[in-house]
Amino acid sequence: MIKVLSGVWALLLGVVLIMLGNGMHFTLIGLRGGIEGFSSAELAIVTSGYFMGFLSGARFTPLLIRRVGHVRVFAALGSFMSAGLLAFPLLADPWAWTVLRLLVGFCMSGIYVAAESWLNNASTNETRGKVLSAYMIAQTLGIIGAQGLLTLGDAGTSVLFIGASILVSLSFGPILLSATSAPVAEVARPMPLRDLFTGSPLGTVGIFLLGSVYATQSGMGAVFGTQIGLTTSQIALFIAMLFAGALLLQYPIGWLSDRMDRRKLIFGAASLGAVSCAMGWITGGGLWPLMASAFFAGGVTTPLYALFLAYTNDSLSAEDMPGASGGLIFTFGLGAIIGPLVTGWAMQGLGPFAFWLVLCATFVAIALYALYRMTQRAVVPVEETESYLNVLPTASTVAVEAAGEWAAENAETDREADTQS
């Protein structure tokens with residue numbers, strides 16, 4: 001593993017710095033929005049703006065890279081994002097913030113495409129799985145670390161926004177100085193949603209609902225914390241617990257994924273998420289019960305994303321996997337746009353604890369649909385499934401396609417080894 005990291009450590013360091021800045025900005029929106037008196041519905045629109053931009057960036061960035069190259073696209077988008085972060089405290093208006101979030105989301109999507117292209121180019125078939133795992137850990141640690149940085153300043157001033165901007169700017173150094181020439185970003189055309197649903201109804205519906213869950217957790221979690229009166233440190237810890245759970249539960253769930261019917265595991269993980277959210281609602285604001293609820297609710301979200309990708313690939317041919325990856329990311333993005341809007345309006349009408357109710361209802365819907373699909377299609381034998389895809393919901397099509405290719409090759413290698421033995 002050390003030998004693998006020696007070739008990509010600078011890229012991963014840049015990713016950590018980017019995630020520190022982006023993670024700070026995500027939580028800052030909820031903190032500063034509460035100080036400015038923005039309503040839940042207004043902050044929901046602001047949150048959805050990011051995912052609208054992210055979805056757009058995923059479609060258009062490969063075209064930009066083909067036209068002017070990775071380095072120029074990465075540097076330009078990073079500069080725009082850094083400037084956008086500085087503009088938030090200067091333009092304290094929900095609609096202005098929505099436009100800025102569109103910009104930041106578009107830039108982050110493009111940054112992911114460029115960075116993941118370099119990472120993919122720097123890895124081989126033998127090392128790709130380890131590189132992707134290291135990339136996932138770097139992203140998650142960056143987001144968790146960002147919450148700690150929030151306690152060093154006052155959300156009512158510009159200091160923390162400036163700090164986030166500086167971190168994003170600093171990330172250019174290790175990435176641009178270490179990146180070698182990368183191949184043109186070749187991203188497969190997304191599979192039409194009708195074909196995707198026909199091939200894997202559970203994967204399509206499940207990842208749409210999960211997009212709603214992820215965006216609500218990451219975008220509206222700070223809003224919820226602000227509205228129930230948590231301090232900045234407590235809100236930072238709450239958000240950190242969402243991602244700490246994902247970091248710790250990803251591997252045991254991934255291990256189980258390669259050893260049992262994935263639909264049963266999806267049902268179990270979604271049920272755990274629903275119970276955790278119900279506990280968050282029942283506790284009525286007790287600090288440590290809230291943290292435990294965040295840990296398990298956030299902890300199953302990222303593994304569920306990887307599970308849906310792996311389960312969908314089990315139902316498709318190798319030629320269809322790249323297009324399916326693009327279709328699933330698009331579907332996830334649609335859910336991510338809608339989820340915060342529904343949650344924000346619910347919180348506006350029912351109070352802040354509707355945050356947990358919406359999440360619980362969505363997890364229940366995932367669990368019930370997985371249960372229903374078990375009655376509609378025979379189980380795929382474990383030995384015929386692809387390997388678990390160790391990727392985050394924030395990954396671009398580049399990383400998802402690379403992970404899918406690795407999973408297929410790894411599963412084929414395992415099957416050949418089993419046959420020879």
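I started with burial: 58% of the 421 residues in the protein chain are buried. The model is predicted. I then counted secondary structure and got 15 helices and zero strands for the protein chain. Next came contacts between residues at least 6 apart in sequence: 88% of them join residues at least 24 apart.

**Entry: glutamine 139**

I looked up where glutamine 139 sits and found it in helix 6, residues 128-149. Is glutamine 139 buried or exposed? Its relative accessible area is 1%, so I logged glutamine 139 as buried, the cut-off being under 20%.

I then listed its contacts, leaving aside neighbours within four places in sequence. Glutamine 139 touches Val15, Met19, Tyr112, Leu392 and Thr394. I also checked glycine 23, which is 116 residues away from glutamine 139 along the chain. The C-alpha atoms of the two are separated by 9.6 Å.

**Entry: helix 5 on helix 6**

Which residues make the contact? Helix 5 supplies Tyr112, Glu116, Leu119 and Asn120. Helix 6 supplies Arg128, Val131, Tyr135 and Gln139. Sorted by class, the contact of helix 5 with helix 6 has four nonpolar, two polar and two charged residues.

**Entry: leucine 242**

I moved to leucine 242, in helix 10. Leucine 242 has a relative accessible area of 5%, so it counts as buried. Beyond neighbours within four places in sequence, leucine 242 contacts Gln217, Ala294, Gly298 and Gly299. I also took the C-alpha distance from leucine 242 to serine 218 and got 8.1 Å. Those two residues are 24 apart in sequence.

**Entry: helix 10 on helix 12**

Helix 10 covers residues 232-257 and helix 12 covers residues 287-314. I found their axes 6 Å apart, at an angle of about 45°. That angle is why I call helix 10 oblique to helix 12. Helix 10 passes helix 12 in a right-handed crossing. How many charged residues are in the contact of helix 10 with helix 12? I counted no charged residues there, against 19 nonpolar and seven polar.

**Entry: helix 11 on helix 12**

I stayed with helix 12 and turned to helix 11, residues 262-282. The axes of helix 11 and helix 12 are 8 Å apart, and the angle is about 160°. So helix 11 is roughly antiparallel to helix 12. The crossing of helix 11 past helix 12 is left-handed.

I went through the contact. On the helix 11 side the residues include Arg262, Arg263, Leu265, Ser276 and Cys277. On the helix 12 side they include Leu290, Phe296, Leu304, Tyr311 and Asp314. By class, the contact of helix 11 with helix 12 has 16 nonpolar, four polar and three charged residues.

**Entry: cysteines**

How many disulfides does the whole structure hold? My search found zero. The cut-off for a disulfide is within 2.5 Å. Cysteine 277 is at 0% relative accessibility and therefore counts as buried. I looked at cysteine 107 as well: it is also at 0%, so I logged it as buried.

Key: Residues numbered from 1 in each chain as written. Predicted model: local features only at pLDDT ≥ 70, side-chain atom pairs only at ≥ 80, totals over all residues. Heavy atoms only, no water. Helix = DSSP H or I, 4+ residues; strand = E, 2+ residues; numbered from the N terminus. Buried < 20%, exposed > 50% of the residue type's maximum accessible area, 1.4 Å probe, protein only. Contact = heavy atoms within 4.5 Å. Nonpolar A, V, L, I, M, F, W, Y, C, P; charged D, E, K, R; others polar. Axes fitted to C-alpha atoms, helices over the stretch in contact; angles between N-to-C directions. Parallel < 35°, antiparallel > 145°, perpendicular 65-115°, else oblique. Left-handed = near helix turned anticlockwise from the far one by under 90°.
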